[in-house]
Amino acid sequence: MTSVNKTAYPFDKTRLEAVLNRRFFYAPAFEIYGGVAGLYDYGPPGSALQANIIAEWRKHFIVEEHMLELDTTIMTPAPVFETSGHVARFADWMVKDSKTGDVLRADHLVKNVLEARLNSDKEARGLAAQPVKEDEKDKKKKKKNVKASPVQLADEIVVEYERILAKLDDYTGPELGELCRKHSIKNPDTDNEVTEPVQFNLMFASSIGPTGQHPGFLRPETAQGHFLNFSRLLEYNNGRVPFASAQIGRSFRNEISPRAGLLRVREFTMAEIEHYVDPEDKSHAHFGEVRHVVLSLLDRHTQSAGSTQITKTSIGEAVDKGTVANQTLGYFLARIYTFLLKIGINPDRLRFRQHMANEMAHYATDCWDAEIQNSYGWTECVGCADRAAYDLSVHSAKTGHPLVVRQALKEPIVIEKEVPEFNKKNLGKKFLKDSAIVQQIVGDMDETQLLSLKEQLSKGSATITSSDQRSFELTSELLTIERKTLKQSIREFVPNVIEPSFGLGRILYTMLEHNFWCREQDIERGVLSLPPLVAPTKVLIVPLSAREEFDPLVAEVSMKLRKAGVFSRVDDSNTSIGKRYARNDELGTPFGVTLDFASVANRTMTLRERDTTTQLIGDIDEVIKVVIDLVEGTITWPEACQRLPAYDGVQAIE
C-alpha cells in the first residue's frame, strides 16, 4: 500500500471553489442575469452527490428506524404559521449601514468583526499560521492586495472578545446593539456605523387563489406538515406510540444577507424527523445499542461561562448525568453522529452544542446542534430538539381537532370527581343559542372551580362569565353537580416530539471541504476523497484507444456495472490517461478501470484507487466483482489488494 500525505498543503478554499466551479458541482442561479444572493443551482456531480446523501439518509433513518415517510406541501396557509408562532417569532436581528442602507445580520456582523480583530492580534503577536508559499504562476494570477498592518490588542480585550463570541447566540437584539456601540463595530465594507438592530421575519409571504384572498407562506421548515397529519399517521401506526414520521423536501428562508455559499441560502433541501413519544416515558428501546458512542459536547453552562471547551463523553453518561435531557434525544444525537461520519464528515471537526436560554426556539425544552467546522467557522448542520407537546397542543386548540393518543390501560383507574349535568330542556329555553357557550364554560372548569360553583348553586344561584365578558346566571333547575365514582380504562395524552432536522446543503458543502486536498507532488492536482457511498460516479471506465476493437469491451464492462447498480462513466476523450484520471480525482470518483490492448487480447483490466493511485490487475470479470464489493462497502482497498495482484505498469500481449 502506498501512503498518502493529505496534509502536505493547508486547506485552500480558493482552490476548492475553483474545482467546484470548473466541475459544475453547483453555481449561482440565474448567473447570466447577474444572479440572486442565496440561490444556487446544482450541476450533474452536485445533484448526484446530494441524491446519494439523501439515499443514505433514507436508509440510515427511515428504513432502519421503521419511520413513516411523508411528502407535504410547500405552500402553507397563513393561519398555520400564525398558530405555530412562526409569524410572531421566526425572525433574525438585522442592522443597516447608516449611510448606504446596506443590510447586515447583527450577530454575524459582531462575529465577523471580532474574529477579524482577534486574528489581527494573533498575527501581531506572531501566533498566526504562516502563509503557504505560492507558486510564481499563482502570484502572477493574483492582484496585489494592500493589507492593513496587524494590530495587537490588550490582553483583557482579547479575553472579552473571546467571551462574547462564546456566548454570542445567547444575546438579544438590544444586547447586540449595545455590543456594536461599546466595541465600535461598524460595517467592515464601508467603515460606517450601523443602526440599532430590528427584527426581520424570515418567511416568504405569498397568497393562494386568483384574488389573493388566502394569505400564505412558503414553508421555512417541513415540520408543520407532519403535525397537521398526526391523526392520520397515528391511525396508520395502529394508534401506538412511540413512532416517527420523516420527510425530505424544499424549505425557504428569506435570509438577511446570505454571503457564505451553500451555508446560508434562501432555498434549500431539508430532511426532518418528528419522533412522537409518551411525555411520561422518553426512554428509547435501542438506547443501549448507542450508549457507548462518544460525542464532543459543548453544554449551555460552559458557553454561559464564556468558554467553548468541549467535553468528550459517551452519550450514555451524558443522559445519566442529565446533560442531555432524555434517552430519545440522546439516541438521535448518536445516530446523527454515525450518519455524518458514514458520509465523510471528519469526526475531529464535529461537535454537539447545546442551545442557551435566549436562542432556544419558542417550542423547545432542550436542543442540541450538530456543528461542523469549516473555513467559515463552526456551522450548525443538524438541529435536534425536544419540542415537547407545543405544536400538537396549539394546532389542536386552534382547530378543535384533538391531536391526542388514546391508550388502553392495563389496569383501569378508579377515580372520584365532580360531574356537572345540565337539564338541557330548561337550559335551551333560557339561553337559546348561547346554551353551547354555557356548557363549554362549565366543561372547561377544573375540580376546584366546580366545587365553588356547586356551593353557590346550593345557596340559590351562581353567575359564570364567558371569554367575551358576558354573564350567565345558573340555578339548580339548569345545572346539578354531583360527586361520582368513575372507572377510567383509557388514558388520553398529547405526545411530545423529538425532532432531528438536517440542512442537506450545509452537510454537502462541509463534506466537500473535509475531503478536499492537493497531491504532495503537485499542488495543482486537487483531489476530493469522497467515500464510495456518496461519490457522484463510482467507477471511471478508461479505454486506452478510440479504436473500434475496444467498443465491445467498453460496452460489456459498462453494462455489467450498471446491472449491478454501480454508477459508472466512460471517458474516451483524446487526452492522456493521466489527465483523464486527474479530472475525475477532482470529481471524487473513487475507482477507475483501464482497458488497453492487452485487455483485447487477454481479457485483463487494471483497477486504480483514487487516493493512493495504486493499481491492480486481473481478469475483467474478477475485477468487476472486486469493484462491486468495494462500492458496496463489503471490502476495503487493502482487502482488494489481497484479491488481485499489483499492476507493475506493463502488460504483455502474447
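What covers the buried residues of helix H16? In this predicted model, the buried residues of H16, which spans residues 435-443, are Ser435, Val438, Ile441 and Val442. Because they cover an arc of only 125° around the axis, these residues lie on the same side of H16. An α-helix has 3.6 residues a turn, so residues three or four places apart point the same way. The cover over this buried side includes helix H15 (424-431) and helix H17 (447-458), together with the strands E17 (405-422), E18 (461-465), E19 (471-475) and E20 (479-493). On the face of H16 turned away from the buried side, the exposed residues are Ala436, Gln440 and Gly443.

From this helix we can turn to the nonpolar cores. The largest nonpolar core has 64 residues, of which Trp57, Ile315, Leu340 and Phe502 touch the most other members, and helix H13 (residues 327-342) gives the most to this core, with 9 residues. When residues up to four places away in sequence are not counted, Trp57 touches Ile62, Ala246, Ile248, Ala271, Glu272, Ile273, Phe339 and Phe502.

The axes of helix H19 (residues 551-563) and helix H22 (residues 620-632) come within 11 Å and cross at roughly 30°, and the crossing in which H19 passes H22 is right-handed. On the H19 side the contact is made by Leu553, Glu556, Val557, Lys560 and Leu561, which meet Ile620, Asp621, Ile624 and Val627 in H22. Sorted by class, this contact of H19 with H22 has 6 nonpolar and 3 charged residues, and no polar ones.

Methods: Residues are numbered from 1 along each chain as its sequence is written. This is a predicted model: local features need pLDDT of at least 70, side-chain atom pairs count only at pLDDT 80 or more; totals for chains, interfaces and linings use all residues. Side-chain values use heavy atoms; hydrogens and water are left out. Axes are lines fitted to C-alpha atoms, for helices over the stretch in contact, and angles run from 0 to 180 degrees between N-to-C directions. Helices (H or I, at least four residues) and strands (E, at least two) are DSSP runs, numbered from the N terminus. A crossing is left-handed if the near helix is turned anticlockwise from the far one by less than a right angle, and right-handed if clockwise. Contact means heavy atoms within 4.5 Å. Ala, Val, Leu, Ile, Met, Phe, Trp, Tyr, Cys and Pro count as nonpolar, Asp, Glu, Lys and Arg as charged, and the others, Gly among them, as polar. Buried means under 20% relative accessible area, exposed over 50%, partly exposed in between (1.4 Å probe, protein chains only). The arc is that of the directions from the helix axis to the C-beta atoms. A nonpolar core is a set of buried Ala, Val, Leu, Ile, Met, Phe, Trp, Tyr and Cys residues joined through side-chain atoms within 4.5 Å.
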